[in-house]
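Please read the points in order, with the model at hand.

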Amino acid sequence: MSFSHERQEERPAEGEAGEVLRRSAVGAIARLQPSFPEVGFSLEAAGDDFLSEARFWSEEGVGFEAGLAYQDRFAEGMDDKIRAAHLIAFYSNQLALALGSLYLGAGIVVAVQGFRFEAFSRSYSERLVTAKRFHFSLALPAAGKNALANTDVFGETFAAHLAPIIATLKRRTGLSSGAQWRLAADSLAGGFLEIGRALGDEATAMSRALAIVKRAGTPLFSDKLCYEDIAVEIGEGAGHDALSRVYRLRGGCCLYYRTQGGSFCDSCVLLAPDDRRERLRAHLLASQAR
């Protein structure tokens with residue numbers, strides 16, 4: 001049998017493995033994209049309306065300034081450092097939801113081949129709200145490389161994508177790299193928790209997130225970031241019931257408290273632990289009332 005014939009016989013197997021990989025990815029997207037309308041992710045080709053990471057995040061690019069300016073919708077009185085903190089948290093959360101959905105939902109570590117900053121509408125408290133989101137065009141790995149998908153590979157892929165963005169934001173706004181990486185780790189851990197809830201397996205999602213953000217010596221290492229189960233009892237006597245929910249407790253600060261009329265977030269690292277728990281108990285009760 002000739003060498004060329006051997007190669008021809010291998011191709012159908014390689015093509016079949018690639019098709020299985022694609023079907024698995026498409027299934028994960030179909031299952032999880034509806035749960036996260038605030039971010040877009042698909043396997044569609046990166047056309048003219050999708051930009052590369054380098055082009056979008058160039059300091060001279062329209063995308064960079066548009067991303068910073070968009071953060072003003074969340075608070076008044078922001079300076080550039082606060083905008084940068086919100087932007088890296090916002091972008092990292094959307095990136096974590098997009099990449100994490102494929103990783104937790106199908107065991108695939110994908111790459112970003114392009115993205116766009118697009119308008120979309122969603123229902124919020126019985127109102128239709130117009131907002132903006134990132135839509136990521138995702139690239140599948142070669143079929144053989146999918147066997148390498150694990151938390152280390154995911155963490156390295158996630159960090160490699162963010163590294164030039166964090167460097168640019170530091171140059172443009174002065175917000176330190178350390179502060180940005182802590183916010184990125186918070187976003188990854190929060191995103192994984194949300195995906196875990198959607199999949200009905202919070203425990204696995206949290207375990208994989210912690211394997212990334214507690215890996216010493218990596219950019220995403222965060223000492224104070226953790227998860228905590230918050231519980232509260234409702235009702236009295238024999239009819240009382242208990243509510244519980246796992247929350248991601250931040251290791252970084254988004255600086256919202258420095259905005260006009262701003263305050264500490266309920267899961268802020270700057271709050272005393274008991275104060276934070278009281279806030280989260282109140283948040284849990286309020287969420288049940290809605």
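1. His86 has a relative accessibility of 12% and therefore counts as buried, the cut-off being under 20%. This residue belongs to helix H4, which covers residues 80-106. Beyond its neighbours within four places in sequence, His86 touches Gln71, Phe74, Met78, Cys254 and Tyr256.

2. The model is a predicted one, and its confidence should be kept in mind. The mean pLDDT of the chain is 90, and 92% of the residues reach at least 70. Over residues 1-12, however, pLDDT stays under 50, and the model has 2 contacts beyond four places in sequence for this segment. Where pLDDT is low, predicted coordinates should not be read in detail.

3. Aromatic pairs number 24 in this model. Among them is the tilted pair of Phe74 and Phe90, with 6.2 Å from centre to centre and 45° between the planes. Phe74 lies in the loop between helix H3 (62-70) and H4, whereas Phe90 lies in helix H4, so the pair ties together parts 16 residues apart in sequence. Phe74 is partly exposed, at a relative accessible area of 37%; Phe90, at 16%, counts as buried. Both rings belong to one aromatic cluster, whose members also include Phe56, Trp57, Tyr91 and Phe136.

4. The structure contains 18 salt bridges. One of them joins Asp49 to Arg116, with the closest N and O atoms 2.6 Å apart. Asp49 is in the loop between strand S1 (40-42) and helix H2 (53-56), and Arg116 is in strand S2 (residues 111-124), so this pair connects parts that are 67 residues apart in sequence. Asp49 itself is partly exposed, at 46% relative accessibility.

5. Glu118 and Arg133 are both buried, with Glu118 at a relative accessible area of 14%.

6. A further network of salt bridges links Glu65, Asp72, Asp80, Arg83 and Arg172.

7. On the surface, Tyr257, Phe264 and Leu270 make up a nonpolar patch, with about 260 Å² of accessible area together. Tyr257 sits in the loop between strand S5 (241-249) and helix H8 (273-289) and is partly exposed, at 33% relative accessibility.

Technical notes. Residues are numbered from 1 along each chain as its sequence is written. This is a predicted model: local features need pLDDT of at least 70, side-chain atom pairs count only at pLDDT 80 or more; totals for chains, interfaces and linings use all residues. Side-chain values use heavy atoms; hydrogens and water are left out. pLDDT is the predictor's confidence in each residue, from 0 to 100. Contact means heavy atoms within 4.5 Å. Patches are made of residues with over 30% relative accessible area and no salt bridge: like charges are joined within 9 Å, nonpolar side chains (Val, Leu, Ile, Met, Phe, Trp, Tyr) within 5 Å. Accessible areas come from the Shrake-Rupley method with a 1.4 Å probe; for residues, only the protein chains shown count as cover. A salt bridge is a side-chain nitrogen of Lys or Arg within 4 Å of a carboxyl oxygen of Asp or Glu. Helices (H or I, at least four residues) and strands (E, at least two) are DSSP runs, numbered from the N terminus. Buried means under 20% relative accessible area, exposed over 50%, partly exposed in between (1.4 Å probe, protein chains only). Rings of Phe, Tyr and Trp (its six-membered ring) pair if their centres lie within 6.5 Å; planes under 30 degrees apart count as stacked, over 60 as edge-to-face and the rest as tilted.
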